[in-house]
Amino acid sequence: MNQFQAYFKLGMDHILDLKGFDHILFIIALCAIYLLRDWKKILILVTAFTIGHSITLALATLNIFTVKGSLIEFLIPVTIAVTAFFNILRPRPSSGSGIQANYFFALFFGLIHGLGFSNYLKSLLGRESSIWEPLLAFNLGLEVGQLVIVGIFILISSIAIGILSANRKEWALVISSVVFGMAIMMILDAIYW
């Protein structure tokens, strides 16, 4: 396995790792209000999250930006709770063609999530002569991993809403409420102050 493949796999494993299910919860919170027909919006969300994640991952890896790990471990579930709570307040995507709040959440909160993995990646990249190819490979792996999560979640949503006749609004409310509750528990476990 060459370097690119190794870091690509590391990126996929990072997002799909059930031990670090905080990223999975965040992706589910982002997508809870969407259906398969909203695939373009979903793709924008996932890519915005990856861009935010990539920026802080690069800045932290290059030692340009550092934040205490305990603060990041507290902020990550806060981002999940805020996104889920916003879905509870507005359980359907806006019908306009403008920028939606979830796009902002994905990009801005992706910045915070990127810091969560930066110390580990920094230790790995410290052995590399150039960090740009491994960083690109990692982030592409991250993007593909997120698309796998989204695909599974949208399939489950399509079955629940399309086949089992669940109400779309109620489905989004239930999913967002469960994610919100889990995020609150994570916040309480990681209280920073």
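Lysine 9 is partly exposed, at a relative accessible area of 42%, where partly exposed covers the range between buried (under 20% relative accessible area) and exposed (over 50%), with a 1.4 Å probe and protein chains only. The model is a predicted one, in which local features need pLDDT of at least 70 and side-chain atom pairs count only at pLDDT 80 or more, while totals for chains, interfaces and linings use all residues. Residues are numbered from 1 along each chain as its sequence is written, and side-chain values use heavy atoms, with hydrogens and water left out.

The side chain of lysine 9 meets that of aspartate 13 in a salt bridge, with 2.8 Å from N to O; the term stands for a side-chain nitrogen of Lys or Arg within 4 Å of a carboxyl oxygen of Asp or Glu. Aspartate 13 is likewise partly exposed, with a relative accessible area of 37%. Both residues belong to helix 1 (residues 3–16) and sit four residues apart, about one turn of the helix. Helices here are DSSP runs (H or I, at least four residues), numbered from the N terminus. An α-helix has 3.6 residues a turn, so residues three or four places apart point the same way.

The structure holds two salt bridges, and another pairing joins arginine 168 to aspartate 38, with the closest N and O atoms 3.3 Å apart. Arginine 168 lies in helix 7 and aspartate 38 in the loop between helix 2 and helix 3, so this pair ties together parts that are 130 residues apart in sequence. Arginine 168 is buried, at 11% relative accessible area, and aspartate 38 is buried with a value of 11%.

Beyond its neighbours within four places in sequence, valine 150 is in contact (heavy atoms within 4.5 Å) with Ile27, Cys31, Ile42 and Val46. Glutamine 146, found in helix 6, is buried with a relative accessible area of 0%. With neighbours within four places again left aside, glutamine 146 is in contact with Ile15, Ile27, Val46, Phe49 and Thr50. Glutamine 146 and glycine 11 are 135 residues apart in sequence, yet their C-alpha atoms are 9.8 Å apart in space.

Helix 4 has 21 residues and reaches 31 Å from its first C-alpha to its last, close to the expected 30 Å, a span given by 1.5 Å times one less than the number of residues. Its buried residues, among them Ile72, Phe74, Ile80 and Asn87, pack against helix 2, helix 5 and helix 7.

Note on methods
Helix = DSSP H or I, 4+ residues; strand = E, 2+ residues; numbered from the N terminus.
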